[in-house]
Amino acid sequence: MDTMKLLMIICDGMADRPCQELNGMTPLEAAEVPNMDSLAKKGQSGLMDVIAPGIVPGSDTAHLALLGYDPRKVYTGRGPFEAAGEGLEVHKGDVAFRCNFSTVDENMCVTDRRAGRISQETDKLAAALNGIKIEGIEIIFKEGVDHRAVLILRGHGLHPDITEIDPHELCKIFESKHNIPESKKTARILNKFTKMSYEILSQHPVNLARIEEGKPPANIVLARGSGSPPNVPSFTEHHNGLKGAAIVGISLVKGLCQVSGLDIIDVPGATGSTDTDINAKTEAAIKALETYDFVLLHFKAPDLYGHDGDVPGKVDFIQRIDESLEKILELKNTIICVTADHSTPCSAKDHTADSVPVLIYGPGLRHDSVECFNELDAMSGGLGHIRGHELMQMLSGLAGKNPKFGA
Ligand code: ZN
Ligand code: ZN
């Protein structure tokens, strides 16, 4: 049997609920998507509970499921994926966090969680913190996009089981969740680091200049999302030797793909936001299929419009993704899957547990009677109702990659 290539297109948070502004249609129903419709018509559609019915997925747990892992078994927190997405290597025993550069006053009250959305010279601030040691634990710290940064604690006897602080008013301290010595130590070190970040950053020339210019200083680092690296088998091992790559702009999903052993293909102009170069990403995916068995193509922006409750923005972006898919229709010998990692309804402005539509098209494969790609039509499709972690197994089976089970 000939094997086929696999292309998985994930439109983050694309699935939605009926919108008043669209006379009760969802953004995907209202959008003109002739290319997705054509794939739905030639292929099979269905609905998917990405993790399980009623579970509200995060983008990280959802993508673990879409890559074929059981997130409830392997997920160990967001920090390691963010750190990997910013190009840091996360080792066994590390505890990783995502961080904000924030502003506190002299009473350690948080006055701006994003330090005026600082976007410049955070590399200089990060350099002042990177490499310091606290109780023998190494601090690895790197700036991300805008006010974001990542932190790794590296050394003996650490554990990620500590309380979250995502303070809106007062910079509280971290505590051990279950009173185990390792997490107590981790909380203690993180509290010391938080205090040191204030001492070092409040005197930093970049911040002195910001104060002079009337801008809020980025005078503290606030960490959250603690996690140790997940123990996942590599994507290739997990899927009978499939060699995979990912085209993704946002660091969380990028890091997750990297930790799972996918090669990351950097595309100039891919920002992980609404200004991303959609066509460049799609073209890069088509090119990558020459070398790889599996390519994941990810677009973040539908989720951002969902969080903002921006219905026209979401409709427009979905249409722009669809336009870029015209060349995908010409692909030979390739199974194409289009789906979302979760719903981000504009009315909810957040992720919800609503199932997402999914379509699978491949030359010579079955088709059903569905003619359009959206939440409503997908209900009557031939794929029925599936779970997220089954999708990858279905795709590799259809591509002829799965060995026979039994004689
Ligand atoms: Zn997402
Ligand atoms: Zn989201």
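Is His342 buried or exposed? His342 is buried, at 0% relative accessibility; buried means under 20% relative accessible area, exposed over 50%, and partly exposed in between (1.4 Å probe, protein chains only). This is a predicted model, in which local features need pLDDT of at least 70, side-chain atom pairs count only at pLDDT 80 or more, and totals for chains, interfaces and linings use all residues. Residues are numbered from 1 along each chain as its sequence is written, chains are lettered from A and ligands numbered from 1 in the order in which they are written, and side-chain values use heavy atoms, with hydrogens and water left out.

**Zinc ion (ligand 1)**

- Asp12 (OD), Ser59 (OG), Asp341 (OD) and His342 (NE2) coordinate the zinc ion (ligand 1) at 1.9 to 2.1 Å.
- Donors are N, O and S atoms within 2.8 Å of the metal (3.2 Å for Na, K and Ca); water is not among the atoms, so sites may look incomplete.
- The site is tetrahedral, with angles of 101 to 125° among its four donor atoms.
- Four donors count as tetrahedral if all angles lie between 85 and 135 degrees; four count as square planar and six as octahedral if opposite donors are over 155 degrees apart and all others between 65 and 115; anything else is irregular.
- The donor residues follow the spacing D-x46-S-x281-D-H in sequence.
- Asp12 and His342 link distant parts of the chain, 330 residues apart.
- Asp12 lies in the loop between β1 (5–11) and α1 (27–30), and His342 in the loop between β12 (334–339) and β13 (356–361).
- Helices (H or I, at least four residues) and strands (E, at least two) are DSSP runs, numbered from the N terminus.
- Asp12 is buried, with a relative accessible area of 0%.

**Zinc ion (ligand 2)**

- The zinc ion (ligand 2) is 4.7 Å from the zinc ion (ligand 1).
- Its donors are two OD atoms of Asp303, plus His307 (NE2) and His351 (NE2), at 2.0 to 2.5 Å.
- The arrangement is irregular because the four donor atoms subtend angles of 56 to 142°.
- In sequence, the donor residues are spaced D-x3-H-x43-H.
- Asp303 and His307 are four residues apart in helix α12 (residues 301–308), so about one helical turn separates them.
- Asp303 is buried at 2% relative accessibility, whereas His307 is partly exposed at 28%.

**Cysteines**

- The count of disulfides is zero; a disulfide is a pair of cysteine sulfur atoms within 2.5 Å.
- For Cys19, the closest cysteine sulfur is in Cys346, 5.0 Å away and therefore too far for a bond.
- Cys19 is buried at 4% relative accessible area, and Cys346 is buried at 7% relative accessibility.
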